[in-house]
Amino acid sequence: MKLHEYQSKNIFSKYGIPIPKGRVTTTAQEAKQIAEELGGLVVIKSQVLVGGRGKAGGVKLAKDPNEAEQLATQILGMEIKGLPVRKVLVDEASAIDQEIYFAITDDRASKKPIMIASAAGGVDIEEVAAKTPEKIVKVNIDPLLGLREYQARDIAVAIDLPRDYWRDFTKIAMGLWEVYKNTDASLAEINPLVITKDKKLIALDGKMMIDDNALFRHPDLAEMRDTDEDAPAEIEARKYGLSFIKLDGNIGCMVNGAGLAMTSMDVIKLFGGDPANFLDVGGGAGAEKVAAAMRIILTDPNVKAVLFNIFGGITRCDEVAKGILVAMDEVKPKVPMVVRLVGTNAEEGRRLLENANMITAETLADAAKKAVAAAKG
Ligand code: GDP
Ligand code: MN
């Protein structure tokens, strides 16, 4: 789950990381009022769950409350990367001397958290990472020991941070580590962390991602979820405990197991097709879950065929087949359905489906070819 900038920064602030004064609003009038309260220069920032808002014109400086209202009106009317802007954050503007990139995230290679920093932070950090990776400093954090102060100081040295800032930087680093650890975040990012003209370190932007599988123990965070920006199908899928991600192709995929789902998508691609979604119905999927998954897949008008790839381990294939048939009856899909069942009672399962005029296959390659052909009409 992604958090908005204003939500992330509020959390940062609770952990002692300095942030600009400011407040979020949905109206331009209130933006003006906030600007009046803050006095002086403010920055109007679109709150959408994508990066690159600045480059898209979604972050603007206003010199007075009237301009704040005007810019808020403009930004609240924008769409950024397809997402309508519904909220703006009005922050006290900072005079910037330097922009630093600073984050903690999961490092799959080392299987540990990793702290990443760069003196060349700001809106071009992706380009820095691609073209001058030597400007990016990384330190793994031992999850049992936690972040050590000397590690934070090493980072400060490595990014050539002047000595005067080491103390504050270390405090921010320790704070960010606590944020990352205590919220079960997979990302806690400050970009930019700025050195202001009056020589303060302050988190100007914030981004957090929380591990969905840990949300059950963070009801306060779970409540922060902004479903405005999720595809309706993804919201529906979440209700049934399905992992679903909409994609741009035309072959709907219903698979049990995330690895099998990835493989199925690869094999569809291999035979010239294009998956319409990633969907993992999980283990022991009953008829109700299968029906929900089928409804979700079929709400996408691009879907021209559906490929079921089910491994019957714990759940027997004949049970899965019965689930599919109940779901078919309920959803009455108009597109061809290709089913590959393997595992316990696979033959019996296939027979049930063939009797219901579904296309069956024994191997994944065969199933993918049939689905690709079916999608082409
Ligand atoms: P992003 O583009 O979505 O990452 O949004 P940011 O909040 O990081 O803002 C983008 C850029 O706008 C920053 O890198 C800064 O250069 C600039 N910016 C943001 N806030 C301020 C501010 O208070 N003062 C000044 N001078 N520039 C700002
Ligand atoms: Mn940013």
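Reply: What follows covers the ligand site, then the whole protein, then the backbone. This is a predicted model, where local features need pLDDT of at least 70, side-chain atom pairs count only at pLDDT 80 or more, and totals for chains, interfaces and linings use all residues. Residues are numbered from 1 along each chain as its sequence is written, chains are lettered from A and ligands numbered from 1 in the order in which they are written, and side-chain values use heavy atoms, with hydrogens and water left out.

Me: OK. How many residues surround ligand 1?

Reply: 16, the closest being K45, R53, G54, S94 and E99. A residue is counted if one of its heavy atoms lies within 4 Å of the ligand.

Me: What is the make-up of that shell by class?

Reply: 8 nonpolar, 4 polar and 4 charged residues. Nonpolar means Ala, Val, Leu, Ile, Met, Phe, Trp, Tyr, Cys and Pro, charged means Asp, Glu, Lys and Arg, and the others, Gly among them, are polar.

Me: And which strands supply at least two residues each?

Reply: β3 (42-46), β4 (59-62), β8 (96-107) and β11 (185-196). Strands are DSSP runs of E, at least two residues, and helices are runs of H or I, at least four, numbered from the N terminus. Domain 1 (21-92) and domain 2 (96-222) each give the shell at least three residues; the bounds come from an automatic or database domain assignment.

Me: What polar atoms sit by the ligand's oxygen and nitrogen atoms?

Reply: A side-chain N or O atom of K45 is 2.5 Å from a ligand 1 oxygen. A polar backbone atom of S94 is 2.8 Å from a ligand nitrogen. N191 has a backbone N or O atom 3.2 Å from a ligand oxygen. Taken alone, ligand 1 exposes 560 Å², and the protein buries 83% of that (Shrake-Rupley method, 1.4 Å probe).

Me: Switching to the whole protein: how many helices and strands?

Reply: 13 helices and 19 strands. The C-alpha trace spans about 75 × 50 × 40 Å along its principal axes.

Me: Back to N191. What kind of peptide bond joins N191 and P192?

Reply: A cis one, with omega about 10°. P192 is in strand β11.

Me: Where is D160, and is it buried or exposed?

Reply: D160 is in the loop between α5 (149-158) and α6 (166-182). Its phi is positive, about 60°, although D160 is not a glycine. D160 counts as exposed because its relative accessibility is 66%; exposed means over 50%, buried under 20%, and partly exposed in between (1.4 Å probe, protein chains only).

Definitions and conventions
A polar contact is a pair of N or O atoms within 3.5 Å; within protein, one must be able to donate a hydrogen and the other to accept it, and residues adjacent in sequence count only if both atoms are side-chain atoms.
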